[in-house]
Amino acid sequence: MFEIRCASCRRLLLKAADRAIVGPVDIKCPRCGTMNSLRPLVIEPKEPFSDRPDPSGQ
Ligand SMILES: [Zn+2]
């Protein structure tokens with residue numbers, strides 16, 4: 001779990017599981033009104049072999 005806090009006033013906005021956020025999220029702080037734009041904290045490294053055969057296929 002990690003905490004997301006307002007960038008301006010540090011108010012706790014939400015708690016989420018490590019992989020719960022998979023895309024950009026905008027959260028408006030209810031205290032100061034700052035729009036916090038979030039990106040996923042865990043970014044998967046690109047596979048060097050993106051066209052490798054799927055072991056479960058065929
Ligand atoms: Zn705030």
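Modeller: Arginine 10 sits in the loop that links strand E1 (2-5) to strand E2 (12-16). Strands (E, at least two residues) and helices (H or I, at least four) are DSSP runs, numbered from the N terminus. This is a predicted model: local features need pLDDT of at least 70, side-chain atom pairs count only at pLDDT 80 or more, and totals for chains, interfaces and linings use all residues. Residues are numbered from 1 along each chain as its sequence is written.

Biologist: How many helices and strands does the protein chain have?

Modeller: From the N terminus, the elements run β-β-β-β. The count for the protein chain is 0 helices and 4 strands.

Biologist: Which residue in E2 is the bridge partner of phenylalanine 2?

Modeller: Strands pair if DSSP finds at least two bridges between them. E1 and E2 run antiparallel and are joined by 4 bridges. In E2, phenylalanine 2 has as its bridge partner alanine 16.

Biologist: Why does arginine 10 count as exposed, not buried?

Modeller: A residue is buried with 20 or more other C-beta atoms within 10 Å of its own, exposed with 12 or fewer, and partly exposed in between; C-beta atoms are placed from the backbone. Arginine 10 counts as exposed because its C-beta neighbours inside 10 Å number 11.

Biologist: What phi does arginine 10 take in the hairpin of E1 and E2?

Modeller: Most residues other than glycine have a negative phi. Arginine 10 is not glycine, yet its phi is positive. The hairpin has 6 residues between its strands, and there arginine 10 takes a phi near 70°.
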